[in-house]
Amino acid sequence: MDVLSCQRRHFEMPPGVCFLDAAAWTPLPTAVRRAGEAGILAKARPWEHARSAFPAQTEAARAGAAALVGAAPDDIAIVGSVSHAMATAALNLAPSPGGRILRVEDEFPSLCLPFDRLAETRGLTVEVVGRPPDGDWTEALLAAIHRPGAPPLAVATLTPSHWTDGTAIDLDRLAPAVHRAGGALVIDATQAVGAMPVDVARWRPDFLAFPTYKWTLGPYGLAFLYAAPGRQGGHPLDENNGNRPPAEGARRYDRGELHDPVALPMAGAGFALIGEWGPAAISRRLAYLTDRLAEGCAALGLAVPPQGRRVPHVLGVRVPGGLPDGFIAALAARQVHASERSGALRLSPHVWVDDGDIDHCLTVLADLLPAIPR
Ligand SMILES: Cc1ncc(COP(=O)(O)O)c(C=O)c1O
């Protein structure tokens, strides 16, 4: 079994910086920064660069994205954000009136808003599964899918974990249940691709999307949308010269201004690193780091989800009585960078994190804890 070591040398991160906020955004590896700089220089001096060379970089990024989710490049569209991807997905589902759209409570807005509109325009209800007290989203969602007397399942919009605190949502069990119930499956894999193995053949989603600015170590303003072969005959949100016929496959959903010489090579460079390290090896490395954080936090009297109920790369830590005002800033002042989401302290390491970072984070938490009312 591959064991991945700390990859900090690929980043420009000074010693002492403990960056545990990959679920929010990630630093660029040096190779990704250089790819972006090369693109900026090309755009600064276009007469020195044949424009015809850029589509090959676009296709390399598309192929890199496809490889990370086990898809064919023809099944991948290049879009501007996850919200763009989700709006495209919602536009191209045509559920019958009277059905329901299923999702979890406190879901990320990009995965809610286009489907709220779909429900409104097509006469569906939206069923929101509440946060289960025991943290078992999978059982709560299965119960909702199978609830006797419920309207037919039209669409399930799911993620492999809750974005706020990393509690697991087991798509290996949920995807087949959604398919058996006859629902379409839309997956937001933002908090998964780059941090754990993702395989469209396993989950068979109708649509699946992820951006590049988080776990795949790339730029802002870019995301990728997998469309199942049966979902490729629809309409793009933004019709343009590149996505009109004869464009085929998921390229029908490509955004305009496609051949960005900056963002796409950056994305490609990030995908190459993730591919070299391997999502399974990354996941094992991150599991080791979050397990250490979880044990240390529990020893400090903080509540963490049990190992089987959380993904390996995100740890939501709850402080009895809630996080005090200014806690995230107090952590940052001691060079521990993390986020607060829905009341949880969200710690999300990536490949640059080492044991010293974990020790530092736990020391700082122990120092700040006496100030927390408990
Ligand atoms: C679950 C999830 N989906 C999507 C996004 C980003 O969405 P968008 O690209 O629409 O800004 C985030 C960002 O935090 C997220 O956590």
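Predicted model: local features only at pLDDT ≥ 70, side-chain atom pairs only at ≥ 80, totals over all residues.
User: Hello! In what sense do strand E3 and E4 pair, and over how many bridges?
Analyst: Residues are numbered from 1 along each chain as its sequence is written. Strands (E, at least two residues) and helices (H or I, at least four) are DSSP runs numbered from the N terminus, and two strands pair if DSSP finds at least two bridges between them. Strand E3 covers residues 100-104, Arg-100 has Thr-125 in E4 as its bridge partner, and the pairing of E3 and E4 is parallel, over five bridges.

User: In what order do the seven strands of the open sheet stand?
Analyst: The pairing in this open sheet is mixed. Strand E2 (76-79) and strand E4 (125-129) each have a single partner strand, so one side of each is left without a neighbour in the sheet. Neighbouring strands are turned by 20° against each other on average, direction ignored; axes are lines fitted to C-alpha atoms, for helices over the stretch in contact, and angles run from 0 to 180 degrees between N-to-C directions. The order of the seven strands is E2-E8-E7-E6-E5-E3-E4.

User: Which strands does helix H2 touch where it packs on the sheet?
Analyst: Helix H2 spans residues 54-68, and its direction makes about 120° with that of E2. Contact here asks for C-beta atoms, placed from the backbone, within 7 Å. The strands touched by H2 are E2 and strand E8 (223-227).

User: Are the residues Ile-76, Ala-77, Ile-78 and Val-79 of E2 buried or exposed?
Analyst: In a regular strand the side chains alternate between the two faces of the sheet. In E2, Ile-76 and Ile-78 point one way, and Ala-77 and Val-79 the other way. A residue is buried if 20 or more other C-beta atoms lie within 10 Å of its own, exposed if 12 or fewer, and partly exposed in between, with C-beta atoms placed from the backbone. By that rule, all of these E2 residues are buried.

User: Which residue of E8 is the bridge partner of Ile-76?
Analyst: E2 and E8 pair in the antiparallel sense, over four bridges. In E8, the bridge partner of Ile-76 is Tyr-226.

User: How many Å separate the centres of domain 1 and domain 2?
Analyst: The domain bounds come from an automatic or database domain assignment. The centres are taken over C-alpha atoms, and their separation is 27 Å.

User: Which element gives the largest share of the side of domain 1 that touches domain 2?
Analyst: Helix H9 (279-299), strand E9 (315-317) and strand E12 (344-347) each supply at least two residues of that side. The largest share, five residues, comes from H9.

Conventions
Contact = placed C-beta atoms within 7 Å.
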